[in-house]
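Please read the points below with the coordinates open beside you.

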Amino acid sequence: MEGAPLRILIADDDPVSRRLLVAGVAGADREPIVVADGSAALRALQQDSPPPLALLDWEMPGLSGLEVCREVRAQRTTTVPYQILVPYLILITSRGRSEDLAAGFAAGADDYVVKPFDPDELRARVGAGARIVRLQHDLADRVTALEEALARVKTLQGMLPICAWCKKIRSDGDYWQQVDSYIAAHTDARFSHSICPECHEKHVVPQLARLRQQRTT
Amino acid sequence: MQGATTDEPPVDLAVALRQAGGDTSLLIELVGIFLEDLSARLQALHRATSTADMESVRFVAHTLRGSLAGLGARPAAAIARELEARADEGRVDDAREILARLSRELGRLTAALAESRWKERLCGS
């Protein structure tokens with residue numbers, strides 16, 4: 001992901017506005033993808049690897065920008081494994097009334113630019129969107145890494161039947177296993193064997209004494 | 001809604017240039033894109049108005065308004081907006097009258113844009 005230019009979908013049926021939008025998002029690390037109607041915009045956003053940021057004109061032939069927003073929001077969750085990877089959608093429109101704004105956000109737009117737009121404002125809003133896109137991708141990468149790590153980790157939980165005397169554990173197959181071999185089989189933990197001072201006194205010392213006695217006799 | 005007064009210049013180059021981010025060559029390109037498309041759009045408006053297809057009138061007027069606003073052609077953009085609103089209300093007779101006004105204003109605008117002086121003025125400023 002890093003190093004690759006940020007692909008930005010631009011959808012507007014008016015050629016003058018389209019050119020202004022392309023100029024407005026231009027940059028060394030940006031790659032504009034330009035379409036002239038809503039259906040083409042939706043197709044571009046439904047690809048396997050859709051542009052992560054889109055500028056959608058509200059009024060377009062075919063599907064409107066509003067309908068594109070709705071479609072994208074309705075389908076995203078089922079087609080992509082990580083729901084956090086959803087495109088950032090900016091509506092472009094000459095409708096500046098607050099009820100239009102509310103309708104735009106309700107349809108799933110992330111931001112809103114009123115035409116005719118100030119190029120500095122457009123640049124700033126696209127910059128804010130690009131920041132969110134980057135954060136989302138970092139987060140998705142982190143989630144992927146964590147899920148992979150989690151898949152490797154084996155955990156033991158719940159009740160383990162253990163013998164009160166010899167401390168063997170009963171495994172699933174009704175087979176009594178030493179604690180160390182049981183844990184080694186069920187987790188990523190490994191054992192290095194040594195002797196604790198108590199057992200040294202109890203078992204090792206008498207054994208050594210016995211050996212010494214055998215040698216002298 | 002008030003129509004444009006004839007003494008207002010058809011295009012405000014300062015606004016147009018600001019919207020083009022101060023890039024004169026971009027502005028010249030935008031004017032070229034606009035002029036290239038204009039006659040087809042006007043034809044579409046006349047055709048739709050004569051067949052009382054108000055949905056098409058509304059749509060083309062809206063798109064045209066976007067271009068006009070982007071170029072700082074305020075008077076023409078205001079008339080296009082009027083046309084869009086009347087078409088939305090389905091008022092065919094009003095639409096005809098407004099379209100005639102829009103055609104005149106667009107004539108004034110293209111005359112101003114066709115002059116080569118504005119480019120020199122722009123590049124000199």
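Which residues form one aromatic cluster?

1. The model is a predicted one, and in it A:Trp58, A:Phe105 and A:Tyr112 form the aromatic cluster in question. Over all chains, the search finds two aromatic pairs.

2. A:Trp58 lies in the loop between strand S3 (53–57) and helix H3 (65–79) of chain A, whereas A:Tyr112 belongs to strand S5 (residues 111–114) of chain A, so the pair ties together parts that are 54 residues apart in sequence. A:Trp58 is buried, at a relative accessible area of 7%, and A:Tyr112 is buried as well, at 5%.

3. A:Glu59 forms a salt bridge with A:Arg95, with the closest N and O atoms 2.8 Å apart. This pair links distant parts of the chain, 36 residues apart, since A:Arg95 sits in the loop between strand S4 (88–93) and helix H4 (98–106) of chain A and A:Glu59 in the loop between S3 and H3 of chain A. A:Arg95 is partly exposed, with a relative accessible area of 28%.

4. A:Glu59 also reaches across to the other chain, where it forms a salt bridge with B:Arg58, the closest N and O atoms being 3.0 Å apart. Three salt bridges are counted between chain B and chain A, together with six residue pairs in polar contact.

5. The side of chain B that touches chain A draws two or more residues from each of helix H1 (13–19), helix H2 (24–50) and helix H3 (54–70) of chain B. The largest share, nine residues, comes from H3(B). By type, the residues of this side divide into eight nonpolar, seven polar and six charged.

6. In extent, 21 residues of chain B are in contact with 15 residues of chain A. The area buried between the two chains is about 1,600 Å², of which carbon and sulfur atoms give 63%. On the chain B side, B:Gln19, B:Phe59 and B:His62 lose the most area to chain A, together 31% of what that side buries.

7. The side chains of A:Arg125 and A:Glu121 meet at 3.0 Å, N to O, and both residues lie in helix H5 (residues 119–152) of chain A, four residues apart, about one turn of the helix.

Note on methods. Residues are numbered from 1 along each chain as its sequence is written. Chains are lettered from A and ligands numbered from 1 in the order in which they are written. This is a predicted model: local features need pLDDT of at least 70, side-chain atom pairs count only at pLDDT 80 or more; totals for chains, interfaces and linings use all residues. Side-chain values use heavy atoms; hydrogens and water are left out. Contact means heavy atoms within 4.5 Å. Buried area is the accessible area (1.4 Å probe) that two parts lose on being put together, summed over both. A salt bridge is a side-chain nitrogen of Lys or Arg within 4 Å of a carboxyl oxygen of Asp or Glu. A polar contact is a pair of N or O atoms within 3.5 Å; within protein, one must be able to donate a hydrogen and the other to accept it, and residues adjacent in sequence count only if both atoms are side-chain atoms. Ala, Val, Leu, Ile, Met, Phe, Trp, Tyr, Cys and Pro count as nonpolar, Asp, Glu, Lys and Arg as charged, and the others, Gly among them, as polar. Rings of Phe, Tyr and Trp (its six-membered ring) pair if their centres lie within 6.5 Å; planes under 30 degrees apart count as stacked, over 60 as edge-to-face and the rest as tilted. Buried means under 20% relative accessible area, exposed over 50%, partly exposed in between (1.4 Å probe, protein chains only).
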